[in-house]
Amino acid sequence: MAFQKAVKGTILVGGGALASVLGLSQFAHYRRKQVNLAYVEAAECVSEPVNREPPSREAQLLTLQNTSEFDILVIGGGATGCGCALDAVTRGLKTALVERDDFSSGTSSRSTKLIHGGVRYLQKAIMKLDIEQYRMVKEALHERANLLEIAPHLSAPLPIMLPIYKWWQLPYYWIGIKLYDLVAGSNCLKSSYVLSKSRALEHFPMLQKDKLVGAIVYYDGQHNDARMNLAIALTAARYGAATANYMEVVSLLKKTDPQTGKERVSGARCKDVLTGQEFDVRAKCVINATGPFTDTVRKMDDKNATAICQPSAGVHIVMPGYYSPESMGLLDPATSDGRVIFFLPWQKMTIAGTTDTPTDVTPHPIPSEEDINFILNEVRNYLSCDVEVRRGDVLAAWSGIRPLVTDPKSADTQSISRNHVVDISESGLITIAGGKWTTYRSMAEDTINAAIKTHDLKAGPSRTVGLFLQGGKDWSPTLYIRLVQDYGLESEVAQHLAATYGDKAFEVAKMASVTGKRWPIVGVRLVSEFPYIEAEVKYGIKEYACTAVDMISRRTRLAFLNVQAAEEALPRIVELMGRELNWDDYKKQEELETARKFLYYEMGYKSRSEQLTDRSEISLRPSDVDRYKKRFHKFDADQKGFITIVDVQRVLESINVQMDENTLHEILNEVDLNKNGQVELNEFLQLMSAIQKGRVSGSRLAILMKTAEENLDRRVPIPVDRSCGGL
């Protein structure tokens, strides 16, 4: 590490002299070489992990119970908390971490999925001559480079387009983006560049053409946030940290310091949420890394502690992949209310967000219809009028609580700190709050430095720069080809496994079930349109997944990509988990209900039901009403005023199409608003009206009935798969 610090000193202090001697191009090459050497040196300072695989949750609980005293106890299993655990354990400190829910169950899994320095923060730093924001951007750009280095399977550079619609904006934004590159220095991913109008439309054909002058493209990083958080937790466990999810801190333990006579925090009383068992975990230092719940833990320490967290809700939506190019994002730098909106490709879908609204702290934030429509309206402003932006194309929506903080040591306690804050209470509780996903590692380093100094712990400097996270060390861009060749997986599934598990993908492939088909040989999918396979459920349990919600939202990302697909996969996921975890029928049903409630409220499924209800207006032209009635009566041959599964089966049989009865039941249930087992004419007209307004899309019943009407004489099979159906 001494060498690493010396390298950094050479770069920062001697850079000007070296640049003048070597010339700019040679100096840039020298800096890149020295930074790479720093990465190597940091990694070599750390001993190999003590565990080849992370210990089981049961083994971790035993370690927590049976260890007389830890050096560090971290409360909180988000990115920052897990980062603290990894930083501490790799310094040789005896480390524990507890999380009352699942790893990354809060804000860390509900981000914009960007690893970035913050273009808007740099703009504010320059406009307001704010040195704090400048330092934050510079630090974040360094951390961006490190994160792309240590988890290459979970992250990658992403070009982001800034469309320009006024000539004067071109030099203004160009200077700003070039400064962003300049501040990044040797950590610049790729140099930004300007595009003409025609070239911009080639890269982003969905873009609004009118008054478009051109565009500027710059680079930031993108990642799979929940999987990245989990990789940090698993890496910490492999290095020897005792980490446990579903362990709630019910109170802090204290003891009197014999030298000062003051009470000092000495651990926590913990409760296993899954079993109800309680026990004490003692530690020399306790770290509060609970994000939005920062003040809850601070008040456990001191009930009179001043609240420092000012929570803000950020809503994101996911839309079909055809809304954006596969490898180009979009930044709206000035929305109608002054906020910034990102429009990005992610996991073959399109993610749009975010909002910034004051909110109450809750473990179960719900996306509001108002915020969803705000994002949709901003997207409409930037997309061509040829692209109809439909409310029904929202496949998932979520709200994450951003824990903005005020510095309790600042004279101006009302001023929100744009950087992270490390606070040490009188009893020795260390709180790390604020900051951003990208800077989790430097936040952890600062926190552990404070812990070592405050509690006189014996440890060296941080060793996490350049330290590969689980799955990253032996990953390569062509790793998926070996998965295809060695195991007989589909190429899409193999690419997904390599990008999710890195060099651990082979372990998942070994668990994959035989399909019984000529190709693929193994890898039974959970749902047809996503590359998630059943083996991931079994492997997810090894990664500490305890509930069906863990599996659909954080081990796989189904809930964040398409809530309907997640709901369809749930029964099979619960069956597989039940088999591995010995769940009885009651527990399986409980898991199903809990997961469906999660999808309904937290992932936007509630919004779907509000788009089509028994109170929905029918606003159709008379000619449309007649056309849809005619289509309906082809199924309602007896003129009953409603159709049932029997009616649909009769029409399908007449054109020689076979369909599973359970599938038919699901299709009709989507439109059966009063849940009486039949679809009435009024419900069908409400559906068609909602489709015309764009509030509903991809209705399987509407597609089935239209196709049947067109093909009654031609006997063409009817497609019933979701057509990117939204909420």
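Predicted model: local features only at pLDDT ≥ 70, side-chain atom pairs only at ≥ 80, totals over all residues.

Modeller: Arginine 557 lies over the face of phenylalanine 560, 4.5 Å from the ring centre. A second case of a charge over a ring involves arginine 100, whose charged end sits over phenylalanine 293 at 4.4 Å from the ring centre.

Rings also pair with one another. A pair of aromatic rings is described by how far apart the centres are and by the angle of the planes. The count here is 13 aromatic pairs. One of them joins tyrosine 322 and tyrosine 323, with 5.2 Å from centre to centre and 25° between the planes, and this pair is stacked. Tyrosine 322 is partly exposed, at 44% relative accessible area, whereas tyrosine 323 is buried at 0%.

Another pair, tyrosine 628 with phenylalanine 684, is edge-to-face: the centres are 6.4 Å apart and the planes stand at 90°. Tyrosine 628 belongs to helix α23 (residues 622-635) and phenylalanine 684 to helix α26 (residues 681-693), so the pair ties together parts 56 residues apart in sequence. Tyrosine 628 is buried, with a relative accessible area of 5%, and phenylalanine 684 is buried at 0%.

For this part of the chain, an unreviewed UniProt entry lists "domain: EF-hand" at residues 623-658 and 659-694. Residues 623-658 are 64% helix and 6% strand, with the end C-alpha atoms 32 Å apart. For residues 659-694 the values are 61% helix, 6% strand and 28 Å.

Finally, ring pairs link Trp168, Tyr172 and Tyr173 into a cluster.

Terms used
Residues numbered from 1 in each chain as written. Heavy atoms only, no water. UniProt positions renumbered as here; feature names shortened; annotations may be inferred. Helix = DSSP H or I, 4+ residues; strand = E, 2+ residues; numbered from the N terminus. Phe/Tyr/Trp six-rings, centres within 6.5 Å; stacked < 30°, edge-to-face > 60°. Buried < 20%, exposed > 50% of the residue type's maximum accessible area, 1.4 Å probe, protein only. Lys NZ or Arg CZ within 6 Å of the ring centre and 35° of its normal.
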